[in-house]
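Me: I would like to go through this model with you, a few residues at a time. Could you start once it is on screen?

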Amino acid sequence: MAFIKTRVFGTGREILTNFSHALTLSCMVQDTNAVADSNGVKFIKAGTPLGATGFTVRDREKTVLSPVTDASQAVGIAMHDINVTDGVVRDTVIFRGDVVFYNMDADVQKLFTADMEKALPQITLV
């Protein structure tokens with residue numbers, strides 16, 4: 001028996017400011033370690049550093065980005081909360097831009113160590 005899957009859409013926090021300076025691109029994203037919330041939904045939070053070994057921007061359709069805590073692997077950050085309940089999805093990643101630090105959740109803010117900020121020199125936290 002087939003069933004209908006419903007999704008609820010809305011607006012989340014906006015972390016990007018100064019859109020004219022930003023470089024945001026559609027990329028393939030996943031998080032195999034994501035834990036489902038009380039509604040059974042798995043998210044990567046806005047601002048989470050993303051990366052993949054050997055990633056290049058030109059290969060963004062082939063290489064899947066995942067959350068990273070190792071600054072040496074970081075290449076960009078999630079622009080919005082990304083629903084990864086169903087596995088690999090396409091979503092927007094910020095590669096260059098001004099990001100409002102305090103618009104990110106507290107646990108995401110903690111990921112921005114001095115090493116992480118150095119690894120993402122095109123991302124300015126304001």
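Reply: What follows covers a loop threonine and its pocket, the nonpolar cores, and a few other residues of this predicted model.

Me: Where does T48 sit?

Reply: T48 belongs to the loop that runs between β3 (43–44) and β4 (49–51).

Me: Is T48 buried or exposed?

Reply: T48 is buried, because its relative accessible area is 8%, and the limit for that class is under 20%.

Me: Which backbone atom does its side chain reach?

Reply: The T48 side chain comes to 2.6 Å from the backbone oxygen of K45.

Me: Turning to the second largest pocket, which residues lie nearest its centre?

Reply: D31, F43, I44, T48 and P67 lie nearest the centre, out of a lining of 21 residues. Two or more lining residues come from each of β3, β5 (64–67) and α1 (106–109).

Me: How much space is in there, and how does the lining divide by residue type?

Reply: The second largest pocket holds about 410 Å³. Its lining divides into ten nonpolar, five polar and six charged residues.

Me: Let us change topic to the cores. How many residues are in the largest nonpolar core, and which have the most contacts inside it?

Reply: The largest nonpolar core has 18 residues, and I15, I77, I94, V99, M104, F112 and L120 have the most contacts inside it. Strands β6 (74–78) and β8 (89–99) each supply at least two residues of this core. In soluble globular proteins, nonpolar side chains tend to be buried together.

Me: What does I94 touch?

Reply: Not counting residues up to four places away in sequence, I94 touches I15, L16, L23, T24, G76, I77, M79, V99 and I123. There is also a second, separate core of 15 residues, which includes A34, L50, A78 and I82.

Me: Now T85. Where is that residue, and is it buried or partly exposed?

Reply: T85 lies in the loop between β7 (82–83) and β8. T85 is partly exposed, with a relative accessible area of 30%.

Me: Which polar partners does the T85 side chain have?

Reply: A polar atom of the T85 side chain lies 2.8 Å from the backbone nitrogen of K42. The side chains of T85 and N83 are joined by a polar contact of 2.7 Å. Beyond four places in sequence, T85 touches G40, V41 and K42.

Me: What about the phi of N18?

Reply: N18 has a positive phi of about 60°, although N18 is not a glycine. Most residues other than glycine have a negative phi. N18 lies in the loop between β1 (16–17) and β2 (23–29), and N18 is partly exposed at a relative accessible area of 34%.

Me: Last one: which residues does L25 contact across the sequence?

Reply: L25, in strand β2, is in contact with V57, R60, D91, T92, V93 and F95, leaving aside neighbours within four places. L25 and D91 are 66 residues apart in sequence, and their C-alpha atoms are 8.1 Å apart in space.

Me: Is L25 buried or exposed?

Reply: L25 is buried, with a relative accessible area of 17%.

Methods: Residues numbered from 1 in each chain as written. Predicted model: local features only at pLDDT ≥ 70, side-chain atom pairs only at ≥ 80, totals over all residues. Heavy atoms only, no water. Helix = DSSP H or I, 4+ residues; strand = E, 2+ residues; numbered from the N terminus. Buried < 20%, exposed > 50% of the residue type's maximum accessible area, 1.4 Å probe, protein only. Polar contact = N/O pair within 3.5 Å; in protein donor to acceptor, adjacent residues only side chain to side chain. Core = buried A, V, L, I, M, F, W, Y, C linked by side-chain atoms within 4.5 Å. Contact = heavy atoms within 4.5 Å. 1 Å grid on protein atoms, 1.4 Å probe; cavity = no way out; pocket = protein on both sides within 12 Å on 5 of 7 lines; lining within 4 Å. Points joined across faces, edges and corners; volume = space filled by probe spheres on them. Nonpolar A, V, L, I, M, F, W, Y, C, P; charged D, E, K, R; others polar.
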